[in-house]
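Subject: Structure handover, pockets and helix packing

Hello,

Please find the structure below. My notes on pockets and helix packing follow it.

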Amino acid sequence: MSTANVASAAVSSSHGKGTRVSAWSPGMTTGGPSFDNQTIRMVVHSSVAGSGVRITLSNRYSPAPLDVSAVDMAVQASGGEATRGTTRNVAFGGSRHVTIPAGAEAVSDVVPISVSAGENLLVSLYVPGTTGMSTWHSDAFDTTYVASGNHAGDDSAAAFGTTTTSWYYLAGLDVVSPTARGTVVAFGDSITDGYHSSTGTYTRWPDFLGRRLGAVPGPQKLSVVDSGIGGNRVLTDVPNLWQGVSALKRFGHDALGQPGVKDVILFEGINDIGNNAGPDGQPLTAQDLINGYRTLIDEAHTAHVRVIGATLMPDQGNGYYTPAAEAIRQDVNQWIRTSRAFDGVIDFDQTMRDPSNPAALKPAYDSGDHIHPDDEGMKAMADAIDLRLLRT
């Protein structure tokens, strides 16, 4: 048995011919359901091609040790079914059985499997006992398959009679890429997480960005990972546990801890504004949010990582909107555009607003709740990013 006490998956090194980069890595939170003698099969959509594959299992937000008896990885055929002959055992320190202490993470040994950009892998975890509250990512916008008993190595999905749309314990996939020079982390809230994008279609704006980078002539130079969490705030933890600790608390791990990280696109703050959630329970000011951004920028620069700031999009018609909140959004956006505090700026506000009513989303991009874009809007966001801003 292997006992993992890895505090972080922060590994940024070369392995063989290429650079180790993060290919997929959701932000994790607390408050997930408990499992008991079950296999959890999850879909991982890689943003870049590579080999030397490793996964990270996270028990970071759980109160009890996590006992995992079997982990397997395979190429997805369709749904929860694996492509025959591709299943590989995943080990941790040479052992198939790993116990991860509460608050810790474990990085696997290298798995002898390769992945293409945009390809899906299936990762199956068998937990033999009762887990208690899980570390999870609630809003996956992908399908997870659950079976009773140990079916980690099954090619068939027949035993997986239950589906959910969350990820559990699985916090990262990193690869050695022969071409990618680094990782771009899209860091934000539900808009980055993909809220209202179509399930299983990979139409979040970071997905579109990854495909744009892959379509540039020549080999793909950067991977993209999505560290958005629905409801997340910059300055304060959200009362709903599954919406995460503040950006100030999670940025070092979720963004700067990614293998190969070179750039972070920081696009967060509308939940602070919409909830009038300032520090210490006080009303929010634009300066509060600006101070938070400056703290994150300083952390990134200390780690030699660039931060590109994105302006906050309009939300008139949503419950978040008030004239006072709109004034804060405008002041914050003006600072993002003009302060030169960021290493670059993406003007999502300009791209997504209705020209005839700049306080509202363009109707063609509005999913219907007047704050989250539809799939077309997600693509427009990715298309608005000047790829020259990203360090290759």
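At what angle do the axes of α2 and helix α8 cross, and within what distance do they come? This is a predicted model, and in it the two axes cross at roughly 50 degrees and come within 8 Å. Helix α8 covers residues 375-383. On the α2 side the contact is made by Trp-205, Phe-208, Leu-209 and Arg-212. On the α8 side it is made by Asp-375, Met-378, Lys-379, Met-381, Ala-382 and Asp-383. By class, the contact of α2 with α8 has six nonpolar and four charged residues, and no polar ones.

Helix α5

Helix α5 (residues 286-302) packs with two helices described here, α3 and α6.

Helix α3 spans residues 247-254, and its axis comes within 10 Å of the α5 axis, crossing at roughly 20 degrees. Angles under 35 degrees count as roughly parallel, so α3 and α5 are roughly parallel to each other. α3 passes α5 in a right-handed crossing. Ala-247, Leu-248, Phe-251 and Gly-252 make the contact from α3, while Gly-292, Thr-295, Leu-296, Glu-299 and Ala-300 make it from α5. The residues of this contact divide into five nonpolar, three polar and one charged.

With helix α6 (residues 323-338), α5 packs at an angle of about 35 degrees, and the axes are 9 Å apart. α5 passes α6 in a right-handed crossing. From α5 the contact is made by Ala-286, Leu-289, Ile-290, Tyr-293, Arg-294 and Ile-297. From α6 it is made by Ile-328, Asp-331, Val-332, Trp-335 and Ile-336. The contact of α5 with α6 has nine nonpolar residues, two charged and no polar.

Pockets

The largest pocket holds about 320 Å³ of space. Its lining consists of 24 residues, and Trp-24, His-45, Ser-47, Asp-207 and Val-224 lie nearest its centre. Which elements each supply at least two residues of this lining? They are β2 (19-24), α2 (205-215) and β19 (222-228). The most comes from α2, with five residues. By class, the lining of the largest pocket has nine nonpolar, nine polar and six charged residues.

The second largest pocket holds about 180 Å³ of space. Of the 14 residues that line it, Ser-190, Gly-231, Asn-271, Tyr-320 and His-372 are the closest to its centre. Two or more residues of this lining come from each of α1 (190-193) and α4 (270-274). The lining of the second largest pocket divides into five nonpolar, seven polar and two charged residues.

Regards

Methods
Residues are numbered from 1 along each chain as its sequence is written. This is a predicted model: local features need pLDDT of at least 70, side-chain atom pairs count only at pLDDT 80 or more; totals for chains, interfaces and linings use all residues. Side-chain values use heavy atoms; hydrogens and water are left out. On a 1 Å grid over the protein atoms alone, a cavity is a set of points where a 1.4 Å probe fits but cannot get out, and a pocket is an open set with protein on both sides within 12 Å along at least five of seven lines; lining residues have an atom within 4 Å of a point. Grid points are joined across faces, edges and corners, and a volume is the space filled by probe spheres set on the points. Helices (H or I, at least four residues) and strands (E, at least two) are DSSP runs, numbered from the N terminus. Ala, Val, Leu, Ile, Met, Phe, Trp, Tyr, Cys and Pro count as nonpolar, Asp, Glu, Lys and Arg as charged, and the others, Gly among them, as polar. Axes are lines fitted to C-alpha atoms, for helices over the stretch in contact, and angles run from 0 to 180 degrees between N-to-C directions. Angles under 35 degrees count as roughly parallel, over 145 as roughly antiparallel, 65 to 115 as roughly perpendicular and the rest as oblique. A crossing is left-handed if the near helix is turned anticlockwise from the far one by less than a right angle, and right-handed if clockwise. Contact means heavy atoms within 4.5 Å.
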